[in-house]
Amino acid sequence: MNVVPDTAELGIGVRALTDASLDRALAAVDRVVRAECAASACPREPELTTLSRSPALWGDPAVTESVRAAHTALHGPERVGHWPPSMAAEDFPLYGDAGLAVHGERGIPLCYWMFGTASPRQWAEAGAGLPPNHSPYFAPDVRTALPPAITALTAAALDRLGGGMCIRDSRPAARGGLSPVAPGRRPGRRQGCPRRRGAG
């Protein structure tokens, strides 16, 4: 039995590095679909619907360099690198101008960084074959990843809030991650940071 349906649904995902590029890609999809329908003598116009859209994420250059410097001072230049542009979709831009309709504040500078979560053992066993974060096999090593994640976030907050960055790491890092604080120890002071009475 050969059944030809009278309708068909086509779903695609489109990604781009800028909002303008995404606009052009969506316009191209619309143009191509309509042209194909016209060429096939479809009895009615196609219906095209954009179900969802994520804005492009652009970090503020000055803020990014400032936070990068804080992370480099904390963890060393060998563990802080540049992340190339990515097609990954992210809702983080909504904290900035893309979310103006939500929070009503214009000009919020954004800074976004990636963070390694593999332990030395995981890296040695899997290397480049480590499962990504959306994989059902993704299993970060919490004891390796969590302490440096906390210190990295704290360093960024202190840098942005004007308090200065007076924490440092105290043991080697996992491959691809930042250096965690040794178990049982609090983050120490960086050279040049003032000692305050009563401070830990």
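Predicted model: local features only at pLDDT ≥ 70, side-chain atom pairs only at ≥ 80, totals over all residues.
I started with Thr 64, which counts as buried at 18% relative accessibility (buried is under 20% relative accessible area, exposed over 50%, partly exposed in between, with a 1.4 Å probe and protein chains only). Residues are numbered from 1 along each chain as its sequence is written, and side-chain values use heavy atoms, with hydrogens and water left out.

**Entry: around Thr 64**

I found Thr 64 in helix H2 (helices are DSSP runs of H or I with at least four residues, strands are runs of E with at least two, and both are numbered from the N terminus). Then I asked what Thr 64 touches, not counting residues up to four places away in sequence. The list is Gly 59, Leu 110 and Cys 111 (contact means heavy atoms within 4.5 Å). I also looked up Tyr 112: Thr 64 and Tyr 112 are 48 residues apart in sequence, but their C-alpha atoms are 7.6 Å apart in space.

**Entry: H1 and what follows**

I checked the length of H1 next. With 21 residues at 1.5 Å a residue, H1 should span 30 Å, and its end C-alpha atoms are 30 Å apart, so the two agree (the expected span is 1.5 Å times one less than the number of residues). Just after H1, I came to Ala 41, which takes a positive phi of about 55 degrees, although Ala 41 is not a glycine. Ala 41 lies in the loop between helix H1 (19-39) and helix H2 (61-75). Is Ala 41 buried or exposed? Ala 41 is exposed, with a relative accessible area of 64%.

**Entry: Ser 135**

I moved on to the loop between helix H4 (120-126) and helix H5 (142-161), where Ser 135 sits. Ser 135 counts as buried, at 17% relative accessibility. A polar atom of its side chain lies 3.0 Å from the backbone nitrogen of Tyr 137.

**Entry: the whole chain**

Last, I zoomed out. Of its 200 residues, 22% count as buried. Among contacts with a separation of 6 or more, 57% come from residues 24 or more positions apart. The chain exposes about 14700 Å², and carbon and sulfur atoms supply 56% of that (areas come from the Shrake-Rupley method with a 1.4 Å probe; for residues, only the protein chains shown count as cover).

Conventions. Polar contact = N/O pair within 3.5 Å; in protein donor to acceptor, adjacent residues only side chain to side chain.
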